[in-house]
Amino acid sequence: MSWTWRFETAAGEAADPGDLTGAEFSAQGDAESWLGEIWRELAEKGVAQVYLLEDTREVYGPMSLAAQEEK
């Protein structure tokens, strides 16, 4: 199994965050940990939402990369 992320703009169009794309993971947790470390950089490159894929199956998404405001 291969776990990957699909990157989109807020309008749902494909986003290209440059050299941050193409990462494949052998476990879902590894993919989620990677996203947790890099989501701010992705957002700065125009990625607004992501989908987690297992091979070609969509596991979940869209998940927003917008920062949550602290209260």
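This section describes the sheet, the helix packed on it and the aromatic contacts of a predicted model.

The sheet is open and consists of three strands in the order 1-2-3. Pairing is antiparallel. In general, the strands of a sheet pair through backbone hydrogen bonds, in either a parallel or an antiparallel manner. Strand 1 and strand 3 stand at the edges. Each has a single partner strand, so one side of each lacks a neighbour in the sheet. From one strand to the next, the twist averages 20°. Strand 2 covers residues 49-54 and is joined to strand 3 by five bridges. Leu52 has Tyr60 of strand 3 as its bridge partner.

Helix 1, residues 28-44, packs on this sheet. The helix touches strand 1, strand 2 and strand 3. Its direction makes about 30° with that of strand 1.

Strand 1 contains Thr4. This residue is buried, at a relative accessible area of 17%. Leaving aside residues up to four places away in sequence, Thr4 touches Ala23, Glu24, Tyr51, Leu52 and Leu53. Tyr51 also takes part in a contact with a charge. The charged end of Arg6 sits over the Tyr51 ring, 4.1 Å from the ring centre.

Two aromatic pairs are present in the structure. One is formed by Trp5 and Tyr60, with ring centres 6.2 Å apart. Their planes lie at 70°, and an angle over 60 degrees counts as edge-to-face, so this pair is edge-to-face. Trp5 belongs to strand 1 (residues 3-8), whereas Tyr60 belongs to strand 3 (residues 57-64). The pair therefore ties together parts that are 55 residues apart in sequence. Trp5 is buried, with a relative accessible area of 8%. Tyr60 is partly exposed, at 27%.

Phe25 is buried, with a relative accessible area of 14%. Trp34 also counts as buried, at 17% relative accessibility. Both values fall under the 20% cut-off for burial.

Technical notes: Residues numbered from 1 in each chain as written. Predicted model: local features only at pLDDT ≥ 70, side-chain atom pairs only at ≥ 80, totals over all residues. Heavy atoms only, no water. Phe/Tyr/Trp six-rings, centres within 6.5 Å; stacked < 30°, edge-to-face > 60°. Helix = DSSP H or I, 4+ residues; strand = E, 2+ residues; numbered from the N terminus. Buried < 20%, exposed > 50% of the residue type's maximum accessible area, 1.4 Å probe, protein only. Lys NZ or Arg CZ within 6 Å of the ring centre and 35° of its normal. Pairing = 2+ DSSP bridges. Axes fitted to C-alpha atoms, helices over the stretch in contact; angles between N-to-C directions. Contact = heavy atoms within 4.5 Å.
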